[in-house]
Amino acid sequence: MTQASPRYETRVHDVLVIGAGGAGLRAAIEAAAAGSSVGLVGKSLLGKAHTVMAEGGVAAALANVAEDDSWQTHFRDTMVGGKMLNNWRMAQLHAQEAPDRVRELERWGAVFDRTRDGRILQRPFGGHTYPRLAHVGDRTGLEMIRTLQDRTVQSGVTVYMECTTTHLLTDDDRVTGAFGYWRQTGDPIAFSAKAVILATGGIGRSWQVTSNSWEYSGDGHALAYRAGAELIDMEFVQFHPTGMVWPPGVRGLLVTEAVRGEGGILRNRDEDRFMWKYLPDDRRHEYAETDEEASRWVEALREGRATDARQPPELSTRDNVSRAIYTEVREGRGSAHGGVFLDISYLPADLVRRKLPSMYDQFKELAAVDITAGPMEVGPTCHYMMGGVRVNADTAASTRVGLYAAGEVAGGMHGANRLGGNSLSDLLVFGRRAGAAAAAFAAEAPPVGDVDQEQLRRAEEELAAPFDRPGGEDPYRLHADLQAVMQSLVGIFRTGSDLEVALERLAGLRARWAQVRVVGSPAYNPGWNLYFELQNMLVCSEAVARSALQRTESRGAHARLDHPGLDPEWGKRNSTVSLDGEAMRVIAKPLPELPDELRRLITT
Amino acid sequence: MPYARVIAFRHFQVYRGGPEDEGEFVEYSVPVEEGMVVLDALHWIQAHDAPDLAVRWNCKAAKCGSCSAEVNGMPRLTCKTRISDLPAGAPIRVEPMRTFPLVKDLVTDVSWNYEVNNRIEPFSPPADAPEEAWRWQQEDIERVQEFRKCIECFLCQDICHVLRNHETKNPFLGPRYLVRVAGLDMHPMDQADRTRYLKDEGNVGYCNITKCCTEVCPEHIKITDNAIIPLKERVADSYYDPVQAAWRLVTGSRPRDTRRPAGEDR
């Protein structure tokens, strides 16, 4: 597939997928199945993408544990959890198709935990009416990525490992390929493609306390933005309620919601089970009223039988539990290390080890804490980006011809707050749809012309620039300063004045970015890699801050201390972000109207 | 936000160099906080002393298997090697995995492993199995799930003396891929027969059961006892059992698949 090129290694594919996590793999499998020549580019080794860290499970209304479950209920839960800001069509397709996507994984070799009658077991999670998350202990993401990875390789997809994409190539009408470099050598590489699918994940590396790895620098968000595509909902950043807080080296590391799904109890320093206080009034009826009722629910879950007891208050939605923990700590009721206590040790030790094996190991080996004997210390950690590339629900097409997006980099599916388990199902459902639509587009589209050497030359100059600067900024320090700004000014609770200060500081950081100096050679140089990623992080951070400033209300993961309530007018609008000349343009656009038959599902 | 107290400075000796250079161990002094792991120290070195220090890592939670290296001569995930567990008073020596070709500093070229994986016959369920055949009891899949815990850190491949000391990489799969074959073979629905492959191409016979792989596995998979030995027994049963060999001679049949066929009562 190599095409002669005067200066650059150039690969030609019908469909190029950027990002090799769950969404990218699922997209590549589908595009290859449709007969496309597919290239899959990832920044890491195959099988190491962020999906591998997903723990608790994949949400799908299989109705194996609760026979009353249905796509309609899953749809309702997703919309309610997203505070009705979701793209309704995405939420509908997701709820309808997730069960088939999970069963399909099983046919491809995934081995989920079983119910007593031998079917795929499902566990409860926050905001889900029924036990709905298919899982493998607490390492569901590993099972999914390994299954998809093997299927991808067997599908004849060409995989480019440890390859960073820095630019999308475009002509007037469409996206025509991509440019980047091999991390191991630093050598440039160009891709010519009729369709490009972004599956690059999230942006969480811009915060200090984060569950996200170095890969999550918003590359796809920024590539799409620079190529002229529109982003939406960028103010909605999910802080997961439970990250580790101690020791310092693991601060932010995820503690799966499955701990609460299996009965974990949150308490503050005074032993107070504080979540009772924080249940929103309009949802209180869905939760237990007393410790005794919550205990009965946990017991029934353990024994795999039905119960009339309602779920514990810890299973409120993530946005709410995060704010509760943050408030407890801020008001002086936190633990010594600035968290609260999460306790599962009242359950039998062997059960805890069987249901939560990697949490058991993680705390034992990294924090010297035995979670079967005592509580964990936990606090909120930046976890997931609800906002992203605006896409067509059915095709995952962006607003730019030839450019698609699936998984975390796409916006709309989760509205103002994502439910746990809905990201793994999202990436399967929309990864598949993106792969199919991109392959269909590539089959019909006229060929892209020769790769534009002028664009490549400019891109390569940008790659080389930081090596030639005499003095200048250290990329690691700039990254630390960016994280400090986002953590302190664009966190769980926001105010208009904080956001304005953040935007000023971000402008200063952008100016410093242009002065970054890189030392060493281009071969496997993390300082150089960080340089490009910082450019993307700065775009995403600005988009978050601007969108958050514009939305003068509190909804889901976006909480404004100066605008504490829901505003029905803002409930009808998405924030959109696009490039206007050199400047970032943020405006509100109307939300797609929810059809009556679906509205009835939510109100009944 | 509370900050940890720096407990002490520790000396690190980190391998620096590429495949073409004369590599060397470079000394770094790193302030150590409570709970710090070796990967934290490497990040500190990048941010303060050596911005181009090559380190491969992703999750920092022992879930992705990227940050494998040799710490004081032992194959380890640097993200779960606590500095306080290493002998005080002595420098901490960090070097790349020796079994694989060097890319730069602590990063090695592990692509050979992916090539081995691609040669293994994939999961092969019957196309027409009824829905009920896809119902399994938890007990029936626990061993398969143990094998599927593998995070592909390749530490077992690194320590395996067959791969480490000899230029025999191509003929021998190595422990990681014996675990993978075992996971496929013991899957309740798989129907492929990988016995001939194991014997002739994978060369399972090269393993002489020193269990070094099991000792370094960060996922605590019992690689030797639960995966390799049963595979060796299968090959032996199929190819070296005299009764079966005589039977094959008489009947002209091929070595039988020693597993229960999918759908059989279990």
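Two strands are taken to pair if DSSP finds at least two bridges between them, and helices (H or I, at least four residues) and strands (E, at least two) are DSSP runs numbered from the N terminus. The model is predicted, so that local features need pLDDT of at least 70 and side-chain atom pairs count only at pLDDT 80 or more, whereas totals for chains, interfaces and linings use all residues. Residues are numbered from 1 along each chain as its sequence is written, and chains are lettered from A and ligands numbered from 1 in the order in which they are written.

In chain B, five strands form an open sheet with mixed pairing, in the order E2-E1-E5-E3-E4. Strand E2 (24–33) and strand E4 (74–77) of chain B stand at its edges with a single partner strand each, and therefore one side of each has no neighbour in the sheet. Direction ignored, neighbouring strands of this sheet are turned by 35° against each other on average, where axes are lines fitted to C-alpha atoms, for helices over the stretch in contact, and angles run from 0 to 180 degrees between N-to-C directions. Strand E3 (residues 68–71) of chain B runs antiparallel to E4(B), to which four bridges join it, and B:Ser68 has B:Leu77 in E4(B) as its bridge partner. Helix H1 (residues 38–48) of chain B packs on the sheet, where it touches strand E1 (6–16), E2, E3 and strand E5 (92–95) of chain B, and its direction makes about 105° with that of E2(B); contact requires that the C-beta atoms of two residues, placed from the backbone, lie within 7 Å.

Elsewhere in chain B, helix H6 (residues 175–185) is largely enclosed by the rest of the structure, because 11 of its 11 residues are buried, that is, 20 or more other C-beta atoms, placed from the backbone, lie within 10 Å of their own. The elements that cover the buried residues of H6(B) include helix H2 (111–119), helix H3 (138–148) and helix H9 (223–239) of chain B.

Chain A contains an open sheet of four strands with antiparallel pairing, ordered E15-E10-E19-E20, in which strand E15 (388–389) and strand E20 (583–590) of chain A are the edge strands. Two bridges link strand E10 (residues 231–232) of chain A with E15(A) in the antiparallel sense, and A:Ile232 stands opposite A:Gly388.

Between the chains, 49 residues of chain A are in contact with 46 residues of chain B. On the chain A side, two or more residues each come from helix H3 (88–107), helix H4 (140–154), helix H11 (357–367) and helix H16 (526–550), with H4(A) giving the most, six residues.

Key. A residue is buried if 20 or more other C-beta atoms lie within 10 Å of its own, exposed if 12 or fewer, and partly exposed in between; C-beta atoms are placed from the backbone.
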